[in-house]
Amino acid sequence: MPRALWKGSISFGLVNIPIELHTAVRDHRPRFRMLHAKDKSPVKFQRVCIRDGHPVAWEDLVKGFEYSKGHFVIVTKDDFESAALEKTRTVDIIDFVKAEEIDDRFFETPYYLAPGKGGERAYVLLREAMRHSGRVGIAKFILREAQHLAAVEVIGQAIVLTVMRFADELVDAGQFNLPGESGVRKAELDMAKALVNNLAADWDPSKYTDEYRENLMRVIQAKIKGKHVELKSGAEPREAEVVDLMERLRRSLAQSGGGKARVIKAPARSAKGAHKRRAKSAA
């Protein structure tokens, strides 16, 4: 079994269940080092004082908050400790809410919660109660010195904890002066809906791959072997022009499958955890 990132308990009401926190996603992107072009040696980065231009040792660094341009207040270790919350190891569920009521923009990084020693029966009980209720637990917990908001939901046989953003972290879309529905003609809307239906499909995450990463790794592997790979570049997309919207819709519809729209009935939505979003796949 993989090593846990964090061990503690999940709490709701007076019930406490021992759990372990495990990563639910993988990052396959290649890592790069900065090298000196002349001799291919790795480059070190120094911490340099802007005022005197001299390097600064770690022990001579302090943390500062810039409260106005060029003006800082020093924040010490004691200041951080005085602001810190009690370091508990509890995922404290505050509420159980309907899954479909949560805006996708709140979700960040998913983790698996596995039962700790002796907590298997209680884990299953919580999982099945949440599955049958169709609700998601909203919790708070402390990870890496910071408090986080989190969603606790059931996906398959796992209880998944997803770190969430707080409400004041979301940008209000109203600032962008987004247009309303006025001015949209029925014929245009019908054509656009037909195009959407022609592109309808069942959700299959395995069909969507990172083509850029695959191409980049082909280039890297070839260079390791001293070979050269020349990949075909796609046609440069032309800048969007608002000319004849209906004509563009007709062409798009023809390319996607012809005149008659193929309508695929979408599977029924379930509030058992696999609700409307999956901003980051819990792989």
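Residues are termed buried when their relative accessible area is under 20%, exposed when it is over 50%, and partly exposed in between (1.4 Å probe, protein chains only). By this criterion strand S9 (158-164) is mostly covered, with seven of its seven residues buried; helices (H or I, at least four residues) and strands (E, at least two) are DSSP runs, numbered from the N terminus. The model is predicted: local features require pLDDT of at least 70, side-chain atom pairs count only at pLDDT 80 or more, and totals for chains, interfaces and linings use all residues. Residues are numbered from 1 along each chain as its sequence is written, and side-chain values use heavy atoms, with hydrogens and water left out.

The protein contains five helices and nine strands, arranged along the sequence in the pattern β-β-β-β-α-β-β-α-β-β-β-α-α-α. Of its 283 residues, 21% are buried. Contact denotes heavy atoms within 4.5 Å; among contacts with a separation of 6 or more, 66% join residues 24 or more positions apart. The protein exposes about 22,200 Å², of which carbon and sulfur atoms supply 55%; accessible areas come from the Shrake-Rupley method with a 1.4 Å probe, and for residues only the protein chains shown count as cover.

Strand S9 directs Ala158, Val160, Thr162 and Met164 one way and Ile159, Leu161 and Val163 the other way, and all are buried. Two strands are taken to pair if DSSP finds at least two bridges between them. S9 pairs with S6 in the antiparallel sense over five bridges, and Tyr111 stands opposite Leu161 of S9. S8 and S9 also pair in the antiparallel sense, over seven bridges, with Ile155 opposite Ala158. The hairpin of S8 and S9 has two residues between the strands, and Gly156 there adopts a positive phi near 65°.

A nonpolar core is defined as a set of buried Ala, Val, Leu, Ile, Met, Phe, Trp, Tyr and Cys residues joined through side-chain atoms within 4.5 Å. The largest such core comprises 21 residues, and those with the most contacts inside it are Ile10, Ile19, Val91, Leu113, Phe141, Val152 and Leu161. Two or more residues are contributed to this core by each of strand S1 (6-12), S2, S5, S6, helix H2 (120-133), strand S7 (135-143), strand S8 (146-155) and strand S9. Apart from this core lies another, of eight residues, among them Ala99, Ile138, Ala151 and Met164. Beyond its neighbours within four places in sequence, Leu113 is in contact with Ile10, Ile19, Glu20, Leu21, Tyr123, Val152, Ile159 and Leu161.

Several loop residues were also examined. Ile102 is placed in the loop between strand S5 (90-98) and strand S6 (107-115) and is buried because its relative accessible area is 7%. Ile102 and Val136 are separated by 34 residues in sequence and by 9.2 Å in space, C-alpha to C-alpha. In the loop between strand S2 (15-23) and strand S3 (63-68) lies Met34, which is exposed at 56% relative accessible area.

Most residues other than glycine have a negative phi.
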